Amino acid sequence: ERVVVMKVKCFDENTEKDLEGKINAFLSGLTGDIIDIKYEVAIGIQGEDQIYCFSAMVIYYEKE
């Protein structure tokens with residue numbers, strides 16, 4: 001009998017494209033079911049530069 005465990009995986013990237021790539025790579029190897037994906041963008045100012053942080057948390061069930 002396989003045990004099903006709820007887990008989370010957090011991602012943090014500087015661009016949306018990098019975030020998508022990391023999440024898609026993770027999901028391609030996922031052996032369980034996705035419960036939810038939380039997405040957030042943070043913007044900071046440093047001098048005249050804007051710094052973006054794109055992050056996501058994947059909540060999923062993993063079969064062990």
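Helices (H or I, at least four residues) and strands (E, at least two) are taken here as DSSP runs, numbered from the N terminus. With that settled, I looked up aspartate 33 and found it in strand E2, which covers residues 33-46.

Notes on the source. I am working from a predicted model, in which local features need pLDDT of at least 70, side-chain atom pairs count only at pLDDT 80 or more, and totals for chains, interfaces and linings use all residues. Residues are numbered from 1 along each chain as its sequence is written, and side-chain values use heavy atoms, with hydrogens and water left out.

Entry: whole chain. I noted 1 helix and 3 strands in the protein. Their order along the sequence reads β-α-β-β. The radius of gyration (taken over C-alpha atoms) is 15 Å, well over the 11 Å that the globule rule (2.2 Å times the number of residues to the power 0.38) gives for 64 residues, so the protein is more spread out than a compact globule. I also took the spans of the C-alpha trace along its principal axes, which are about 55 × 15 × 15 Å.

Entry: I looked up how much of the chain is buried (under 20% relative accessible area; exposed is over 50%, partly exposed in between; 1.4 Å probe, protein chains only). The share is 19% of the 64 residues. The protein exposes about 5,000 Å² (Shrake-Rupley method, 1.4 Å probe), and carbon and sulfur atoms supply 50% of that area. For charges I counted Lys and Arg as positive and Asp and Glu as negative, without His or the chain ends. Each charge was placed at NZ of Lys, CZ of Arg, CG of Asp or CD of Glu. The mean positions of the 7 positive and 13 negative charges lie 9 Å apart.

Entry: contacts. I used heavy atoms within 4.5 Å as the criterion for contact. Of the contacts between residues at least 6 apart in sequence, 64% join residues at least 24 apart.

Entry: aspartate 33 again. I read its relative accessible area as 47%, so aspartate 33 is partly exposed. Not counting residues up to four places away in sequence, aspartate 33 touches Tyr60 and Tyr61. I then checked glycine 47, which is 14 residues from aspartate 33 in sequence and 43 Å from it in space, C-alpha to C-alpha.

Entry: tyrosine 61. I placed this residue in strand E3, residues 49-63. Its relative accessibility is 36%, so tyrosine 61 counts as partly exposed. Beyond four places in sequence, its contacts include Val4, Val5, Met6 and Asp33.

Entry: methionine 57. I found methionine 57 in strand E3 as well. At a relative accessible area of 28%, methionine 57 is partly exposed. Outside four places in sequence, methionine 57 is in contact with Val8, Lys9, Cys10, Asp36, Ile37 and Lys38. Leucine 19 is 38 residues away from methionine 57 in sequence and 11 Å away C-alpha to C-alpha.

Entry: glutamate 13. I located glutamate 13 in strand E1, residues 4-13. Is glutamate 13 buried or exposed? Its relative accessibility is 17%, so glutamate 13 counts as buried. Its side chain makes a polar contact with the side chain of lysine 22 at 3.2 Å. By polar contact I mean a pair of N or O atoms within 3.5 Å; within protein, one must be able to donate a hydrogen and the other to accept it, and residues adjacent in sequence count only if both atoms are side-chain atoms. Leaving aside neighbours within four places, I listed the contacts of glutamate 13, among them Asp18, Leu19, Lys22 and Tyr52.
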